[in-house]
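Please look over the model below before reading on.

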Protein chains: 2
Amino acid sequence: MTSVEEPARPGERIRDAARTRAEILDVATQEFARAGYDGARVDEIAARTRTTKRMIYYYFGGKEQLFTAVLERAYGVIRRAEQQLDVDHLDPVAAIRRLAELTFDHHEQHPDFIRLVSIENIHEAHHIAGSEKLGKIGSPALDVIRRILASGQESGLFTADVDAVDLHAMISSFCFFRVSNRHTFGALFGRDLLDPAQRAHYRTMLGDMVIAYLTAERAAD
Amino acid sequence: MTSVEEPARPGERIRDAARTRAEILDVATQEFARAGYDGARVDEIAARTRTTKRMIYYYFGGKEQLFTAVLERAYGVIRRAEQQLDVDHLDPVAAIRRLAELTFDHHEQHPDFIRLVSIENIHEAHHIAGSEKLGKIGSPALDVIRRILASGQESGLFTADVDAVDLHAMISSFCFFRVSNRHTFGALFGRDLLDPAQRAHYRTMLGDMVIAYLTAERAAD
DNA sequence: TCAGCAATGTACGAACCAGTACGTTAGCTA
DNA sequence: TAGCTAACGTACTGGTTCGTACATTGCTGA
């Protein structure tokens with residue numbers, strides 16, 4: 001998440017539309033992720049920027065549109081991370097593991113993003129549905145998965161006729177759950193899924209799971 | 001004043017503490033699941049029961065305690081379902097698949113429960129932490145997993161030295177994500193993970209994934 | 001250099017909402 | 001059957017919160 005940090009010259013009124021807008025987005029991301037859509041306070045967001053509530057309405061129109069803008073930027077971040085993935089030089093097994101690890105790392109490093117997505121699901125993806133941007137962004141990861149799967153299936157390394165979207169769901173579910181359900185899981189089972197000491201263990205476990213699924217023999221679907 | 005359209009019985013003031021309490025819990029479950037903790041309205045819950053807001057405070061003390069009571073009951077339901085699981089007569093592979101399918105089915109049949117857990121995670125499991133009941137309930141599913149794993153590892157069917165809590169996390173993540181992230185996943189990838197036509201497919205996929213992981217050969221951890 | 005607009009600040013209002021003060025009644029029991 | 005109390009209803013309040021009317025200032029182009 002890009003952060004805007006410029007020396008604030010106190011007393012002076014500085015005009016910088018881009019900076020003001022970006023700063024509002026930064027703080028709003030934190031506040032929405034912290035408290036959920038209804039729990040978030042517009043006044044609180046305003047108080048934590050160098051500008052006022054008036055500017056939130058000036059730039060975004062309202063709380064609802066602000067949340068949509070926050071979502072759009074958060075999805076943009078992960079999409080860009082996925083675009084930088086380069087696995088064409090790897091064999092299918094290594095490539096899939098690499099992709100899974102990128103997802104694992106990104107989710108772990110962006111808990112706010114996970115919370116925003118959870119919140120958006122509570123609201124039944126209403127904001128995504130109403131967003132021009134989010135409606136038509138594809139997933140670079142999905143294209144990568146498709147290529148790897150085709151290659152792996154062609155060479156006979158992967159036994160299953162697995163669908164790319166399904167595999168993406170499988171990888172995402174593990175990575176997402178680990179972050180999204182950290183607190184209830186920890187409270188009920190006494191294990192912190194984000195314990196740094198366990199990080200490598202779960203990262204390996206994810207890769208093992210996916211590879212085992214892709215290479216296991218089983219009855220046709 | 002007599003009203004023609006007024007039903008004979010519901011107009012009367014009936015006293016039934018247990019029924020009133022249960023009705024409040026029912027409606028509160030729906031309302032919290034629908035709108036989240038902060039989005040839920042105590043007035044709305046009251047309006048949809050046959051009693052008044054006063055009774056919510058009379059029986060539960062406040063919104064916060066009401067939500068905790070809702071969570072306690074929701075967790076009680078899944079705990080009881082898990083207790084009825086009987087897989088001792090099955091071989092380890094079939095037993096694990098059966099357990100995974102029970103989780104799959106329960107999550108699918110209780111989307112409100114999934115939403116409540118998502119909401120509780122947004123609030124960092126604060127209510128679970130403050131609940132006597134929820135703090136110390138174990139998970140019957142976990143005991144079952146432990147027994148099956150021990151049996152499977154002893155007989156050599158399962159190659160890996162897999163931990164029960166980890167396996168529970170793996171199974172839960174897939175089942176939970178399918179319901180919790182249905183809306184954003186559907187909006188972004190155009191696929192409804194709860195499409196009835198795909199139900200058997202995903203149910204099989206889950207079992208295949210878990211069995212593949214448990215039986216695959218791999219380097220020691 | 002100054003007009004005009006983009007950008008910003010202040011103060012306020014109307015609606016909402018959790019929680020409560022106070023009054024009432026059903027049904028049990030002595 | 002009187003009286004007691006758990007169970008219930010009504011009406012209100014105090015604080016909160018989204019949103020806006022109105023005022024102001026910095027920047028830029030003609």
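Helices (H or I, at least four residues) and strands (E, at least two) are DSSP runs, numbered from the N terminus. This is a predicted model, in which local features need pLDDT of at least 70 and side-chain atom pairs count only at pLDDT 80 or more, while totals for chains, interfaces and linings use all residues; side-chain values use heavy atoms, with hydrogens and water left out. Residues are numbered from 1 along each chain as its sequence is written, and chains are lettered from A and ligands numbered from 1 in the order in which they are written.

**Relation of the two protein chains**

- The same surface serves both copies, since 96% of the contact residues of chain B recur in chain A, where contact means heavy atoms within 4.5 Å.

**Annotated region**

- In an unreviewed UniProt entry, the annotation "DNA-binding region" covers residues 41-60 of chain A. UniProt positions are given in the numbering used here, feature names are shortened, and annotations may be inferred rather than shown by experiment.
- The chain over residues 41-60 of chain A is 70% helix and 0% strand, with its end C-alpha atoms 15 Å apart.

**Surface near DNA strand D**

- DNA strand D is surrounded by 23 residues, and the closest are Arg15(A), Arg41(A), Lys53(A), Arg15(B) and Tyr59(B). A residue is near a strand if one of its heavy atoms lies within 4 Å of it.
- Of the atoms of DNA strand D that come within 4 Å of the protein, 51% belong to sugar and phosphate.
- By type, the residues of this surface are 12 charged, eight nonpolar and three polar. Asp, Glu, Lys and Arg count as charged; Ala, Val, Leu, Ile, Met, Phe, Trp, Tyr, Cys and Pro as nonpolar; and the others, Gly among them, as polar.
- At least two residues of the surface come from each of α2 (42-47) and α3 (53-60) of chain A and α1 (17-39) and α3 (53-60) of chain B.
- With four residues, α3(B) gives the most to the surface near DNA strand D.
- Phosphate oxygens of DNA strand D lie 2.7 Å from a polar side-chain atom of Tyr59(B), 2.8 Å from one of Thr51(B) and 3.3 Å from a backbone N or O atom of Ala40(A).

**Loop between α6 and α7 of chain A**

- Glu124(A) sits in the loop between α6 (111-122) and α7 (126-129) of chain A. Its phi is positive, about 55°, although Glu124(A) is not a glycine.
- Ala125(A), in the loop between α6 and α7 of chain A, also has a positive phi of about 55° without being a glycine.
- Glu124(A) is partly exposed at a relative accessible area of 49%, whereas Ala125(A) is buried at 3%. Buried means under 20% relative accessible area, exposed over 50%, and partly exposed in between (1.4 Å probe, protein chains only).

**Two buried helix residues of chain A**

- His106(A) belongs to helix α5 (residues 92-109) of chain A and is buried at 8% relative accessibility.
- Apart from neighbours within four places in sequence, His106(A) contacts Val77(A), Ile78(A) and Ala81(A).
- Ile145(A) lies in helix α9 (residues 140-154) of chain A and is buried, with a relative accessible area of 1%.
- Not counting residues up to four places away in sequence, Ile145(A) touches Leu99(A), Ala164(A), Leu167(A) and His168(A).
- Ile145(A) and Leu99(A) are 46 residues apart in sequence, and their C-alpha atoms are 8.0 Å apart in space.

Definitions and conventions. A polar contact is a pair of N or O atoms within 3.5 Å; within protein, one must be able to donate a hydrogen and the other to accept it, and residues adjacent in sequence count only if both atoms are side-chain atoms.
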